[in-house]
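Hi there,

Here is the structure I promised to pass on to you. Have a look at it first, and then read my notes below.

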Amino acid sequence: MSGQDTASGIAAAVAARRLTAAAAIEAALARIAAIDPGVNAFTDVTADRARARAAEIDAGLAAGRAPGPLAGVPFAVKNLFDVEGIPTRAGSKINRDNPAATRNGALVRRLEAAGAVLVGALNMGEYAYDFTGENAHDGPSRNPHDRERMSGGSSGGSGAAVAAGLVPLTLGSDTNGSIRVPSAFCGTFGLKPTFGRLSRAGSFPFVASFDHLGPLARSVADLALVYDAMQGEDSDDPWQAPRPVEPVAGALAQGTTGLRVAVAGGYFARGGEPDCFAAVARAAEASGASRTIEIPEAARARAAAFLITASEAAGLHLDRLRERPGDYDPAVRDRLIAGTTIPAAWVHRAQRFRSWYRARVLALFDEVDVILAPCTPCRALRIGQATMELDGVTVPARPNIGVFTQPISFIGLPVVAVPVRVGGGLPLAVQVIAAPWREDLALRVAGAIEAAGVGAAPVAG
């Protein structure tokens with residue numbers, strides 16, 4: 001990987017005047033024009049805006065002003081982020097009829113303040129209710145490693161854009177696995193921060209009680225760099241926790257020194273293809289994992305996550321379901337309608353279980369610092385594939401892609417998805433899971449796995 005394949009490499013080159021921001025942006029726009037028609041990662045390209053912003057950065061450097069830590073870095077965002085001047089689609093047909101956003105979302109503003117340059121908005125599963133990256137209105141975002149395969153969802157365009165080398169950095173959202181699944185299928189690094197860590201202001205919601213926003217990139221260093229740039233309290237987001245800025249980039253050099261790393265057994269050691277568990281074993285060796293632990297009642301956690309997801313999402317969409325049912329992807333519409341029929345008592349029990357489960361999982365972090373688990377139960381499936389075989393049983397593909405991610409996001413833990421090479425073929429990834437607010441530990445372990453040569457994010461053509 002060359003320095004100019006990464007956000008940190010581009011920023012360093014621009015700051016040193018070895019590369020202009022304008023040249024970095026023109027190169028990204030050229031790649032998008034040449035490659036994206038076959039990948040379908042972008043729904044909107046903001047070329048004029050990007051060129052104007054790059055010119056401002058170059059003028060500032062020429063005048064002697066200090067550049068930001070992401071100076072000249074091209075980035076793109078899942079189209080559920082508000083981008084001034086275009087409607088916030090959220091992957092839907094309905095939303096594109098809305099007025100254009102009048103202000104950028106909070107995280108878009110923070111990245112631009114750090115010097116990054118927005119080049120567009122990205123394809124996604126409709127209303128983020130998706131694990132595949134297939135959109136009924138904009139077409140599927142395609143896996144750059146095999147364009148007949150899924151990119152993963154719902155941040156499919158975010159994963160595909162990084163993997164295809166269109167931009168070194170994207171933003172996505174993760175409710176049940178929507179950053180981690182595209183990271184696994186496309187072979188990128190992804191960070192789902194602690195619930196409440198980063199502002200969600202200026203983004204279209206899915207399940208308010210466990211939506212997360214975060215970055216996808218080509219290296220752990222890039223994840224840390226952009227994560228640090230996005231931290232900070234935001235009074236516009238009532239769900240954000242009142243936490244101080246806690247930079248992590250400087251901690252990466254510590255690696256796994258002094259950390260207790262464990263592998264998740266039980267539920268997380270079955271129900272997937274053998275290579276998924278082989279990837280965990282490789283990551284465990286690279287990070288010095290010394291024990292296996294069991295996360296209690298993970299299967300029930302996944303079931304409870306399904307209930308709460310369906311119920312909260314249905315409540316959000318009731319008016320649209322009544323007024324424009326024919327404009328939904330039928331599969332999404334049917335899941336939302338099903339969510340309206342869930343008894344309130346079931347949701348209450350699921351929330352009570354959620355509190356119990358969170359306490360039990362947090363207790364594990366008295367014994368270990370980081371837990372490793374598979375990201376997906378399989379490599380990327382074929383676009384349109386309806387079923388898959390796990391442990392000799394044929395199961396529906398779409399809901400079972402998130403079998404390992406849902407029990408973790410359900411309680412808001414920070415996770416880094418790390419691509420791990422096992423055999424040949426399509427990418428796989430491992431989840432590196434830490435206690436709340438300890439993104440630094442998850443990133444340190446992820447960095448150690450990357451440095452060992454086990455994890456890498458190759459750019460696909």
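Let's start with a definition: two strands pair if DSSP finds at least two bridges between them. Helices (H or I, at least four residues) and strands (E, at least two) are DSSP runs, numbered from the N terminus. Please keep in mind that this is a predicted model, where local features need pLDDT of at least 70, side-chain atom pairs count only at pLDDT 80 or more, and totals for chains, interfaces and linings use all residues. Residues are numbered from 1 along each chain as its sequence is written, and side-chain values use heavy atoms, with hydrogens and water left out.

Now to strand β14. In this strand, valine 416 is the bridge partner of leucine 191. Strand β7 (residues 189-192) pairs with β14 in the antiparallel sense, over three bridges. Strand β15 (residues 428-434) also pairs with β14 in the antiparallel sense, over six bridges. Here valine 432 in β15 stands opposite valine 416.

How many residues of β14 (residues 415-420) are buried? Six of its six are buried, where buried means under 20% relative accessible area (1.4 Å probe, protein chains only). One side carries Val415, Ala417 and Pro419, and the other Val416, Val418 and Val420.

Next, find alanine 241, in the loop between α7 (220-230) and β9 (261-264). Alanine 241 counts as buried because its relative accessible area is 18%. Its contacts (heavy atoms within 4.5 Å) are Gly196, Glu233 and Trp437, leaving out residues up to four places away in sequence.

Enjoy exploring!

Definitions and conventions: Buried < 20%, exposed > 50% of the residue type's maximum accessible area, 1.4 Å probe, protein only.
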